[in-house]
Protein chains: 2
Amino acid sequence: MRDVAEAAGISRQAVYDHFGSRAELMVATARYGDEVRGLDERLGRYRAATGGAERLETFVEFWGNYIPEIYGIARALMAARETDEAVAAAWDDRMAVVHEACSNIVDRLHRDGTLAPEWSLEEAADLLWTMLSIRNWESLTLERGWPPSRYVARMQELTKRAFVRGSEGA
Amino acid sequence: MRDVAEAAGISRQAVYDHFGSRAELMVATARYGDEVRGLDERLGRYRAATGGAERLETFVEFWGNYIPEIYGIARALMAARETDEAVAAAWDDRMAVVHEACSNIVDRLHRDGTLAPEWSLEEAADLLWTMLSIRNWESLTLERGWPPSRYVARMQELTKRAFVRGSEGA
DNA sequence: GTGTCAATTGACACAGTGTAAAGCTACTCT
DNA sequence: AGAGTAGCTTTACACTGTGTCAATTGACAC
């Protein structure tokens with residue numbers, strides 16, 4: 001908090017006056033970030049895709065490009081989530097939006113008749129959501145050294161292979 | 001540390017005498033846990049499986065049953081990892097063992113000629129390792145409410161579908 | 001009887017979060 | 001012009017948790 005105040009050129013107490021607590025400051029930062037980055041519009045572009053498989057591909061691309069932008073604050077939120085209820089709630093809200101998107105994609109695949117037959121709609125959505133988690137991005141790019149472009153490409157292949165019927169490539 | 005000391009019926013300082021720091025205590029706890037649970041022997045059983053696909057299935061089952069046993073300490077380690085280098089190193093060591101196993105499985109699939117053709121050996125190992133992360137288990141069981149048995153069954157299907165050539169079910 | 005080992009008690013340093021009180025400056029409203 | 005207020009400052013303090021230090025005790029071995 002001291003560092004934040006210094007960086008902002010105000011006193012430590014002024015930060016508390018504005019945000020109440022460390023947790024609230026982080027949540028506010030995350031919300032502001034989404035706003036500045038135009039999250040809604042960017043999601044709108046993916047919503048344009050009509051076919052399930054196409055939507056899956058578009059979404060993975062959008063998400064794979066979005067994660068690096070929010071990773072800093074996301075990391076802080078994930079850590080604070082363990083001990084702070086308000087942060088946990090805020091985080092869960094944000095992740096619920098992603099789950100919603102996954103659910104929507106799976107529904108479309110199902111409607112197209114291209115959902116792989118072993119999954120129920122809920123299970124497929126849960127799995128897709130889990131596969132696209134920020135932790136997994138962290139694991140592949142930061143720990144295994146994948147460049148972001150590879151993350152997107154391979155994740156597209158993987159999710160397609162996993163959820164789209166008869167798309168097992170060669 | 002105070003709680004640990006109380007539970008052990010000794011003074012707080014005695015804990016520091018034995019383990020030096022909170023981080024070292026956690027690492028020692030994890031090592032001791034593996035020993036008590038007979039990690040090596042249990043891994044030995046999975047090593048008996050010869051075919052790649054069979055080994056994959058056996059390993060996912062072993063791992064899916066092992067995670068709930070170590071989840072408590074694993075969670076503590078994952079949290080402490082963020083701020084403590086020694087914990088980070090210990091954790092990375094443990095995860096390297098899992099990655100090794102994934103690599104081994106992928107190698108066998110490749111040798112059998114049953115590895116799905118879109119993956120390189122390294123990429124497949126990285127992906128499998130990421131899919132089997134404790135975070136993903138946490139996400140599916142604790143957050144999405146899957147029973148552990150379903151985790152194992154669906155993870156077996158998912159990894160098979162993703163990595164084994166021509167095994168896309170119906 | 002001496003040495004040593006494993007504890008104990010009690011005090012303290014330090015970092016980080018959060019609270020409280022008093023005061024200062026600049027702006028707005030009437 | 002004067003009153004009120006918004007936004008900020010400084011200073012001090014409470015509380016938690018980790019880790020350190022020093023002096024002391026009890027038991028056991030040689």
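**View 1. Chain A and its fold.** Take the contacts in chain A between residues at least 6 apart in sequence: 62% of them join residues at least 24 apart, a contact being two C-beta atoms, placed from the backbone, that lie within 7 Å. This is a predicted model, in which local features need pLDDT of at least 70 and side-chain atom pairs count only at pLDDT 80 or more, while totals for chains, interfaces and linings use all residues. Residues are numbered from 1 along each chain as its sequence is written, and chains are lettered from A and ligands numbered from 1 in the order in which they are written. Chain A has nine helices and zero strands (DSSP runs numbered from the N terminus, helices being H or I of at least four residues and strands E of at least two). Its C-alpha trace spans about 60 × 30 × 30 Å along the principal axes. Of the 170 residues in chain A, 30% are buried; buried is defined by 20 or more other C-beta atoms within 10 Å of a residue's own, exposed by 12 or fewer, and partly exposed by a count in between, with C-beta atoms placed from the backbone.

**View 2. Where chain A meets chain B.** Here 24 residues from chain A and 25 residues from chain B make the contact. On the side of chain A, the elements giving two or more residues are α7 (121-131), α8 (134-143) and α9 (148-163). The residues on that side divide into nine nonpolar, five polar and ten charged (Ala, Val, Leu, Ile, Met, Phe, Trp, Tyr, Cys and Pro count as nonpolar, Asp, Glu, Lys and Arg as charged, and the others, Gly among them, as polar).

**View 3. The rotation axis.** Chain A superposes on chain B by a rotation of 180 degrees with 0.0 Å of shift along the axis, at an RMSD of 0.0 Å (least squares on the C-alpha atoms of residues with pLDDT of at least 70 in both copies). This is the relation of a two-fold axis. Both copies use the same surface, as 100% of the contact residues of chain A recur in chain B. Look for A:A162 here: of the residues of chain A, its C-alpha comes closest to the axis, at 2.8 Å.

**View 4. Helix α8 of chain A.** Buried residues in α8(A) are A:N136, A:W137, A:S139 and A:L140. Seen down the helix axis, they fall within an arc of 160 degrees, so they line one face of α8(A) (the arc is that of the directions from the helix axis to the C-beta atoms). They pack against α5 (52-81), α7 and α9 of chain A, together with α7 (121-131) of chain B. After α8(A) comes A:G145, with a positive phi near 80 degrees.

**View 5. The largest nonpolar core.** Among its 62 residues, A:V106, A:L128, A:F163, B:V106, B:L128 and B:F163 touch the most other members; such a core is a set of buried Ala, Val, Leu, Ile, Met, Phe, Trp, Tyr and Cys residues joined through C-beta atoms within 7 Å. Leaving aside residues up to four places away in sequence, B:V106 touches B:L115, B:L121, B:A124, B:A125, B:L128 and B:F163.
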